[in-house]
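I opened the notebook to go through one structure.

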Amino acid sequence: MITVTESALDFIRYSAETGAIEEGLGLRIAVKEASDGGYDYGIGFDEPREKDMEFDFEEIKVLINEELKEYLEDATLDYTLLDDGDEKQLIVLNPNDPTYVSPKRKKKK
């Protein structure tokens with residue numbers, strides 16, 4: 001299914017601890033088709049729902065609606081610094097996205 005990097009897990013833990021996130025919420029990853037034929041993603045803390053698939057990554061619960069399973073097969077959730085930015089971002093690297101291009105990560109100095 002989906003993979004979550006250690007960098008993303010660290011960021012999610014930090015966000016949950018400092019953001020006063022309610023107990024029992026998981027990190028929802030949603031996807032919808034964009035007007036350009038690619039995918040748009042929504043990522044945020046949410047309550048589990050009836051048709052959710054739940055994945056546990058080192059005490060982090062990731063929620064994905066079962067209808068979106070095929071969209072996120074073999075995708076990776078990462079927290080990284082991209083060439084076009086000065087701040088790290090939580091991103092979905094998804095080879096299933098028709099417009100997917102692997103991002104260029106900024107080299108550490």
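**Aspartate 46 and its surroundings**

I began with a polar contact of 2.6 Å, which joins the side chains of aspartate 46 and arginine 28. I noted that the model is predicted.

Next I looked up where aspartate 46 sits. I found aspartate 46 in strand β3. Is aspartate 46 buried or exposed? Its relative accessible area is 19%, and the cut-off for buried is under 20%, so I put aspartate 46 down as buried. I then listed its contacts, leaving aside neighbours within four places in sequence. They are Leu25, Gly26, Arg28 and Leu63.

**The sheet**

I traced the open sheet next. Four strands form it, in the order β3-β2-β5-β4, and the pairing is mixed. β3 (39-46) and β4 (52-57) are the edge strands, each pairing on one side only.

I checked one pairing in detail. β4 runs antiparallel to β5 (residues 60-65), with six bridges between them. Within this region I found glutamate 54 opposite leucine 63 in β5.

**The core**

Which residues have the most contacts inside the largest nonpolar core? I wrote down Val4, Ile29, Phe57, Val62, Ile64, Leu72 and Leu77; the core has 22 residues. α1 (6-18), β2 (26-33), β4, β5 and β6 (76-81) each give two or more residues to this core. A general reminder to myself: in soluble globular proteins, nonpolar side chains tend to be buried together.

I followed up leucine 77. Not counting residues up to four places away in sequence, leucine 77 touches a list that includes Ile2, Val4, Ala8, Ile12, Leu27, Ile29, Ile43 and Leu90. Thr3 and Thr5 are also among its contacts.

**Aromatic pairs**

How many aromatic pairs does the structure hold? I found two. Phenylalanine 11 and tyrosine 79 are stacked, at 4.1 Å centre to centre with 10° between the planes. Phenylalanine 11 lies in helix α1 and tyrosine 79 in strand β6, so this pair ties together parts 68 residues apart in sequence. I logged phenylalanine 11 as partly exposed, at 26% relative accessibility. Tyrosine 79 is buried, with a relative accessible area of 18%.

Tyrosine 39 and tyrosine 71 form an edge-to-face pair, at 5.2 Å centre to centre with 75° between the planes. Tyrosine 39 lies in strand β3 and tyrosine 71 in the loop between β5 and β6, so the pair links parts 32 residues apart in sequence. I marked tyrosine 39 and tyrosine 71 as buried.

How values were computed: Residues are numbered from 1 along each chain as its sequence is written. This is a predicted model: local features need pLDDT of at least 70, side-chain atom pairs count only at pLDDT 80 or more; totals for chains, interfaces and linings use all residues. Side-chain values use heavy atoms; hydrogens and water are left out. Two strands pair if DSSP finds at least two bridges between them. A nonpolar core is a set of buried Ala, Val, Leu, Ile, Met, Phe, Trp, Tyr and Cys residues joined through side-chain atoms within 4.5 Å. Buried means under 20% relative accessible area, exposed over 50%, partly exposed in between (1.4 Å probe, protein chains only). Contact means heavy atoms within 4.5 Å. A polar contact is a pair of N or O atoms within 3.5 Å; within protein, one must be able to donate a hydrogen and the other to accept it, and residues adjacent in sequence count only if both atoms are side-chain atoms. Rings of Phe, Tyr and Trp (its six-membered ring) pair if their centres lie within 6.5 Å; planes under 30 degrees apart count as stacked, over 60 as edge-to-face and the rest as tilted.
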